[in-house]
Amino acid sequence: MSIMADDASDAGSIPGQSRLESYLFSCELSSEVPFYTFQADEDEDLEHFLELRTVCVGEGAKEEYNVVEVTAMNYQGKKTSVPVASLHISRLPMVSLGGFELMAPVTLRLKSGTGPVTVSGMHLVASENDEESDMSDEEELAELEPIKPAKKKQKPCC
């Protein structure tokens, strides 16, 4: 699924405006795999974000608390760890984070409990628009010459 940031579809193809593509993200944390690191590609023209939406306890979880912690950079460029969910299979099996957006790299860790815990959200990729490659379908159609109906030859009436 691709979406345009900042209403770029309404504004036309404006150089320097960002294009935002989104992809489904999911990972499972457990005692066997207690952490997952979301990393960006080395492409300098792209910015990668992880938008966390839900954290839920999976099938087969024990009657224990499962705490999920996120480690990412703060505004000063320092790594900061924050617990974002404390889940229990019979009390609170799922938490909605409502679009908790972080810039890559991001590490998700099962701080306590044995899981399984599934973290889901969106992988967002922001890039600068190219003038030619970013034309919307409507703009491409507008550039095409309209097709005119053929004129019918009229029979003389008398």
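Predicted model: local features only at pLDDT ≥ 70, side-chain atom pairs only at ≥ 80, totals over all residues.
**Nonpolar cores**

The largest nonpolar core has 24 residues, and the members that touch the most others are Leu52, Val55, Val68, Val106, Leu108 and Val119. Seen by secondary structure, at least two residues of this core come from each of strand 2 (18-29), strand 4 (46-57), strand 5 (65-73), strand 6 (79-88), strand 7 (94-103), strand 8 (106-112) and strand 9 (117-128). Strand 4 gives the largest share, 4 residues.

Leu108 illustrates the packing around one of these members. With neighbours within four places in sequence left aside, Leu108 is in contact with Phe25, Cys27 and Leu29, with Pro34, Phe35 and Tyr36, with Leu50 and Leu52, with Glu69 and Val70, and with Val119. Another core, of 5 residues, lies apart from the largest one and includes Leu20, Phe49, Met122 and Leu124.

**Thr54**

Thr54 is placed in strand 4. Which residues does Thr54 touch, not counting those up to four places away in sequence? They are Met94, Val95, Ser96, Thr118, Val119 and Ser120. With Ser120, the side chain of Thr54 makes a polar contact of 2.5 Å. Leu97 is 43 residues from Thr54 along the chain, and the C-alpha atoms of these two residues are separated by 5.6 Å.

**Aromatic pairs**

The model has 2 aromatic pairs, listed below with their geometry.

| Pair | Centre to centre | Angle between planes | Class |
|---|---|---|---|
| Phe25 and Tyr36 | 5.7 Å | 55 degrees | tilted |
| Phe25 and Phe38 | 6.0 Å | 80 degrees | edge-to-face |

Phe25 lies in strand 2 and Tyr36 in strand 3 (residues 35-38), so their pair ties together parts 11 residues apart in sequence. The planes of Phe25 and Phe38 stand at 80 degrees, and angles over 60 count as edge-to-face; therefore this pair is classed as edge-to-face. It links Phe25 in strand 2 to Phe38 in strand 3, distant parts of the chain that are 13 residues apart.

Phe25, Tyr36 and Phe38 together form one aromatic cluster. Are its members buried or exposed? Phe25 counts as buried because its relative accessibility is 7%, where the limit for buried is under 20%. Phe38 is also buried, with a relative accessible area of 4%. Tyr36, at 33%, is partly exposed, as its value falls between the 20% and 50% limits.

Definitions and conventions. Residues numbered from 1 in each chain as written. Heavy atoms only, no water. Core = buried A, V, L, I, M, F, W, Y, C linked by side-chain atoms within 4.5 Å. Buried < 20%, exposed > 50% of the residue type's maximum accessible area, 1.4 Å probe, protein only. Contact = heavy atoms within 4.5 Å. Polar contact = N/O pair within 3.5 Å; in protein donor to acceptor, adjacent residues only side chain to side chain. Phe/Tyr/Trp six-rings, centres within 6.5 Å; stacked < 30°, edge-to-face > 60°.
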